[in-house]
Amino acid sequence: MAIRLMICDDDVFIRESLKLICQLQPDFSVIHTCGSGNEAASLVSEQPVDVVLMDMRMPDGDGVEGTRLVKQLCPTTKVLILTTFDDEQHIIDALRHGASGYLLKNSDPSRLMEAIRTVHSGTVLMDPSVALKLAHLLRHSNSGTTTTTSAPQPQADTPVIPNWERYQLNGSEQAIIQHIANGLSNREIASTLFLSEGTVKNYVTEILAKLELRDRTQLAIWYWKQLSRQ
């Protein structure tokens, strides 16, 4: 059965472009297009969809409000936030209201298509730059300070890696964590590491258990936090 989609963006050009790209996929079916979060909620209440591609900055109900309303009306619908903005508070609010992922609009179309399939499968997806931003915010929040400066980047001549041995993570687990932190799906990781998708899924389950984390978003944030502490 095709994945039923809604595209919500106030820019009609972007909206129609995304619709065209999605309709080229044999496993996608675009059910609704709209230009605001409130309109998205109204449409999904009439005809539910599987995944909503939700812009962040829109009049008459932004992506945060749209996510809240859609999840309130249809809890099983997955919301994938698409934006050119990486504002921390919007990220946190959208996730708090049940967004399943956060992807920047300048992502490659093939990455977007895979992201839709990923969130539809029930996996939380986080763009690596967003994960890094969140990790930086959380680190300063935990230390009792706030800042709007960019997260520190590792120096090119000083390799920075987490203390893997402390967490008893083997080489395969380390590689998978890094790929997840960089935004890859299980399918993409399997192709990169020459593993089956089922094997990668099993690894992820073991990794989450070892680190006592709930999902991939927490895992990506954990990874970037380790780097920021070095």
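Cysteine 8 stands opposite cysteine 34 in strand 2. This is a predicted model, where local features need pLDDT of at least 70 and side-chain atom pairs count only at pLDDT 80 or more, while totals for chains, interfaces and linings use all residues. Residues are numbered from 1 along each chain as its sequence is written, and side-chain values use heavy atoms, with hydrogens and water left out.

I start with the strands. Helices (H or I, at least four residues) and strands (E, at least two) are DSSP runs, numbered from the N terminus. Strand 1 pairs with strand 2, residues 28-34, in the parallel sense over 6 bridges; two strands pair if DSSP finds at least two bridges between them. Strand 1 also pairs in the parallel sense with strand 3, residues 51-55, over 4 bridges. In that pairing, methionine 6 stands opposite valine 52.

Now helix 9, residues 197-211. Helix 9 has 15 residues and reaches 21 Å from its first C-alpha to its last, close to the 21 Å expected at 1.5 Å a residue; the expected span is 1.5 Å times one less than the number of residues. Which residues of helix 9 are buried? They are Val200, Val204, Ile207, Leu208 and Leu211. These cover an arc of only 95 degrees around the axis, so they lie on the same side of helix 9; the arc is that of the directions from the helix axis to the C-beta atoms. On the other side, Asn202 and Ala209 are exposed, meaning over 50% relative accessible area. Glutamate 212 follows helix 9, with a positive phi near 55 degrees.

How values were computed. Buried means under 20% relative accessible area, exposed over 50%, partly exposed in between (1.4 Å probe, protein chains only).
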